[in-house]
Amino acid sequence: MTERMWLYLFLATEAMTIPLTILAGLEDVLPELPDAQSLSIHIVGAAGKEFANLMLFEELLHLLPSLIYLRVVTIGPRSPGESAGQTGGLSQEVSMACCSICESQGRRRTVTSYRGLYHDYARTSQYQKPDLAVLFHSGRSQAEGASWAPTTRFLVDSATATLCTTYTNREALEEVAELDHLGARMIVRPEVNRWKALPPLPDFLEREHTVYYHNFYRYIFQGKM
């Protein structure tokens with residue numbers, strides 16, 4: 001393999017970490033996953049990185065041969081809503097393009113966005129419990145803790161299978177401490193995510209001469225003990 005090809009693959013992990021981390025989470029919570037024909041994924045607190053890589057969600061169709069329909073809902077204050085400047089707007093469901101092979105097999109995927117907080121979205125008539133909720137780098141223990149608290153409680157109380165990622169082990173442990181206080185049942189306790197991005201990012205806050213990665217650590221919870 002040439003050095004240039006290796007570099008392309010190395011950099012590709014920065015984007016591919018998103019669908020592959022989701023797939024690994026689905027494998028942990030859905031025993032029936034190999035035979036699933038439809039899946040619903042909620043991206044909670046969705047921001048720029050998730051929107052920039054929405055096209056790569058088709059990899060879930062490629063990696064799950066039985067899957068016919070993938071529905072992704074992005075929810076967060078920075079998600080696009082029904083109209084510009086209208087907080088709490090739900091966008092129309094949009095059909096995303098698929099490759100020619102997926103189209104020939106009748107496979108499809110859609111994306112819907114809600115601009116607002118997840119616990120508010122859960123009170124709308126459009127809400128349907130997902131197969132997996134995903135929080136990429138929510139920073140719940142670092143900032144906006146009060147605004148995240150009702151969403152965290154809802155995810156626990158509704159027994160929604162929830163995958164979370166963090167940049168550091170300290171973040172993961174702090175977030176899980178909150179979940180332990182709420183009596184959440186941990187499916188996977190904090191661990192290094194094998195599908196983390198590989199390009200390192202310098203860490204200026206923890207310790208000098210250390211690095212972190214996108215989706216470095218992960219954990220999963222569902223319901224209560």
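Two strands count as paired if DSSP finds at least two bridges between them. Helices (H or I, at least four residues) and strands (E, at least two) are DSSP runs, numbered from the N terminus. Keep those in mind for the sheet.

Now the ground rules. This is a predicted model, where local features need pLDDT of at least 70, side-chain atom pairs count only at pLDDT 80 or more, and totals for chains, interfaces and linings use all residues. Residues are numbered from 1 along each chain as its sequence is written, and side-chain values use heavy atoms, with hydrogens and water left out.

How confident is the predictor? pLDDT is its confidence in each residue, from 0 to 100. The protein chain has a mean pLDDT of 89, and 89% of its residues reach 70 or more. Over residues 83-87 the pLDDT falls below 50, and this stretch has five contacts in the model beyond near neighbours in sequence. Contact here means heavy atoms within 4.5 Å. Where pLDDT is low, the predicted coordinates should not be read in detail.

Next, the overview. The protein chain holds seven helices and ten strands. Of its 225 residues, 50% count as buried. Buried means under 20% relative accessible area, exposed means over 50%, and partly exposed is in between, with a 1.4 Å probe and protein chains only. Take the contacts between residues at least 6 apart in sequence: 78% of them join residues at least 24 apart.

On to the sheet. In what order do its eight strands run? The order is E3-E4-E2-E1-E5-E6-E10-E7, in an open sheet with mixed pairing. Strand E3 (94-95) and strand E7 (184-192) are at the edges. Each has a single partner strand, so one side of each has no neighbour in the sheet.

Look at the parallel pair. Strand E2 (residues 69-76) and strand E4 (residues 108-115) are joined by eight bridges. In that pair, tyrosine 69 has arginine 108 of E4 as its bridge partner.

Now move to E10, which has antiparallel pairing with two strands. E6 and E10 pair that way over five bridges. Threonine 162 has phenylalanine 221 of E10 as its partner. E7 and E10 also run antiparallel, again joined by five bridges. There, valine 188 is partnered by isoleucine 220 of E10. Is E10 enclosed or open? Six of its eight residues are buried, so E10 is largely enclosed by the rest of the structure.

Axes are lines fitted to C-alpha atoms, for helices over the stretch in contact, and angles run from 0 to 180 degrees between N-to-C directions. The buried residues of H6 are Trp148, Ala149, Thr151, Thr152, Leu155 and Val156.

Helix H7 (residues 169-181) lies across E6, E7 and E10, at about 175° to E7. Its buried residues are Glu171, Ala172, Glu175, Val176 and Leu179.

A few backbone details. Just after H7, glycine 183 takes a positive phi of about 80°. Histidine 137 is not a glycine, yet its phi is positive too, about 50°. Histidine 137 sits in the loop between E5 and H6. Alanine 159 is in the loop between H6 and E6. Its phi is near 55°, positive in a residue other than glycine. Alanine 159 is partly exposed, with a relative accessible area of 27%.

Last stop: leucine 54. Where does it lie? Leucine 54 is in the loop between helix H2 (48-52) and helix H3 (59-63). Leucine 54 is buried, with a relative accessible area of 13%. Leaving out residues up to four places away in sequence, leucine 54 touches Thr74, Met96, Arg109 and Val111. Leucine 54 and valine 111 are 57 residues apart in sequence but 8.5 Å apart in space, C-alpha to C-alpha.

Technical notes:
pLDDT is the predictor's confidence in each residue, from 0 to 100.
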